Each structure stands twice: as structure tokens, then as C-alpha cells.
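My notes are below, in the order I took them.

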Amino acid sequence: MSVDRFALSAEEYLSQTYVLTYIEDAVSQLLEYKEDHSKIGIARFLAEYFTSVKQGSHILFREFSFIKATPYNRASFIRMFWQCFRQIGKNGDLLTVIEYHSLLQLICHDLPMDLAQKAARIILMDDAMDCPMSFVDFLYAFQIRLYYYEFLESIAIIYQDLHMGKNPNTVIVPTSSIEQPLSPTSDTPTQEGVDAAQFYDCLETLCDRYKHNYPPTSYLKQILGKVERVTFFGFLMAIVKHEGINCKLGIVPSKAELFTDSKMDQELEKLINQMLSNPTTSTPTHREPTRKTQRKSLPHRKKVDVESDGSTEETDSSEN
């Protein structure tokens, strides 16, 4: 949202920047660990807290409710996951969704398995969820699933209603987070998909009144304008692969630059040293090391209905 902050009221500015969320969290952390912070003083603690927010390290080892609380927290978590485990991608290792979930829980101990599975389902077929995936494929799918969480839950309901033949004018879409969303493939097959133009009209209506983050409608129109019909997971795959959407998010770089950042390696080493010496950092949950899996070809969706411009699919090299 590119609105001049000086044109906003105080209430609108606080709401859009989530300043109160961080102030409340800082005070909560100060009270919870007041014995540890009594030696360094309140002013120094607050300075260190907001420095960690600026650096994006404030989400380390925090509960998922805090990760999900603001768009900036979500972006910081996705970036931290990339920074901490990108060596897996460099080595070309393939991991299962259970193993990726274990890695995610090293940063956030209560991150739900369901979120990792939904990211994997964009890449794999429903009957191949235990197959390994490349780090790159999982990273970009997880980025979309976490950052646009509410939007994807809402369009899943729209898609399901359209696929069942309901009048799009009567589609009711939630405007808040759904804890247990309906699955678009739970009761009916989705191979045939829905009319792409009709689907876009519903998405455009949703975005006009939506309170959560969503991809730019121009990109959604670009994706759906290329086909007559679209499946739900074909649409999600196109969003994941769209370079324009990834660039707009600005969280992780393009695939070509994903593993070529020496400056980031230095910053990560500095961040790890800071974590070890910072008394305000919580203790992470210890888990067993992630095992390596041998390379093997992955069974993907037999049919991806939409493809974005100039993108490549790392895990599935057989599709055109």
C-alpha cells in the first residue's frame, strides 16, 4: 500500500504500520524477563529490541502467533528461513515435507505442520506428499503460503463454490484468518478447473474490499488472462513462479541470485554471534538433525494449467 504517511490519521498510521503490536510485545518481553533485563536497564533493552526488529531477527524462536501477527514478521521469518538453510539448496539436497517442517520448527517451535503441507501440495500431487522436494521449490511455495495466508484461504473457498456451480454473486468470502479452511479438493475433483475470467472477476471483487495482503491484481489478471480454464493448484503454482510477484514481495531474490550473496553470509555470521551473546534471545527448541535424502525424480502434478513468464521449475524439469 503506497499511501503517503502524512496523509494518514494517527489511527490509520498505527494500524498500517503495526507500531502498537511491537510496543506491546516489547513491554511484554520486558515484564516476562525483567530479572534478566534489570542489569542492562529499560532503555538499553528497548533499543536492542527495536534494533532486532529492524534487522528482522526479532522473530527467532518466537511463537507462530507472533510470526503471523504482521506482514513484516512474516517476511522476516521467510527471509530467515532462506538465510539459515540455503546451504541445502546449494548442495542440491532434496527433503520431504516432514524434514522441511523440522527445519522451520528450529526457528518457530510451534509452526503448524498444516502450513508446510499446504506449501508442499502446490508442488506435489496429493498422493505424493511424502516425496522429497528441492529447497528452491519449497521456499517459493512456502513464501506465498505464509505471506498471503488469508488471501489463499479466501480464494480457496471462492474456487470451491465456483467449481460446485454456485452463483459467484452469492459467494461469501471471509475477511479474517481461517483456522480450518475448507479444502478445494475435499469433495469434488478439480481436474477440469473453473472459468478463468469468472474466477478473476470474483478475485477482483474480493480485493476491492480485502483487508489483508494480496498479490497485485494486474499480475492476477495477467496469469488468468492466458487460459480459458484454471485449476486451483495450477493458479497457485503460477503465483509461486511469477517473477513480478516475487519481486513485489522483495523478501527473497530471484532463483538466479538465490545462492550468490557473500555479503549475506557475513551478516548471517554476525547475526548468529549476536544471538549467542544477546540475553534477550529465547532458547530454541532442540531437534534431531535433518537427514539427507538421495536425489530422485519427483512425481508432480500431471497438469499445470498456468505458467508465468520467464520462470523455470527446478524440481520438475520435464514440463514445458
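**Ground rules.** I am working from a predicted model, where local features need pLDDT of at least 70, side-chain atom pairs count only at pLDDT 80 or more, and totals for chains, interfaces and linings use all residues. Residues are numbered from 1 along each chain as its sequence is written, and side-chain values use heavy atoms, with hydrogens and water left out.

I then followed Phe142. Setting aside neighbours within four places in sequence, I find Phe142 in contact (heavy atoms within 4.5 Å) with Phe77, Ile78, Leu104, Leu111, Leu115 and Ala119.

**Surface patch.** Tyr13, Leu14, Leu20, Ile23, Val27, Leu31 and Phe50 make up a nonpolar patch with about 580 Å² of accessible area together. For such a patch, residues need over 30% relative accessible area and no salt bridge, and nonpolar side chains (Val, Leu, Ile, Met, Phe, Trp, Tyr) are joined within 5 Å. The areas are Shrake-Rupley values with a 1.4 Å probe. Helices α1 (10-17) and α2 (19-32) each supply at least two of the patch residues, and α2 gives the most, with 4. Leu14 sits in α1 and counts as partly exposed because its relative accessibility is 32%.

**Salt bridges.** My search of the whole structure gave 9 salt bridges, each a side-chain nitrogen of Lys or Arg within 4 Å of a carboxyl oxygen of Asp or Glu.

- Arg44 and Glu48 pair at 3.1 Å, N to O. They are 4 residues apart in helix α4 (residues 42-55), so about one helical turn separates them.
- Arg62 and Glu63 pair with their closest N and O atoms 3.2 Å apart. Arg62 is buried at 7%, while Glu63 is partly exposed at 29%.
- Glu153 and Arg145 meet at 3.3 Å, N to O, and both are buried.

Which residues are linked with Arg145 and Glu153 in a network of salt bridges? I noted Asp114 and Lys118.

Methods. Patch = residues over 30% accessible without salt bridge, like charges linked within 9 Å, V, L, I, M, F, W, Y side chains within 5 Å. Buried < 20%, exposed > 50% of the residue type's maximum accessible area, 1.4 Å probe, protein only.
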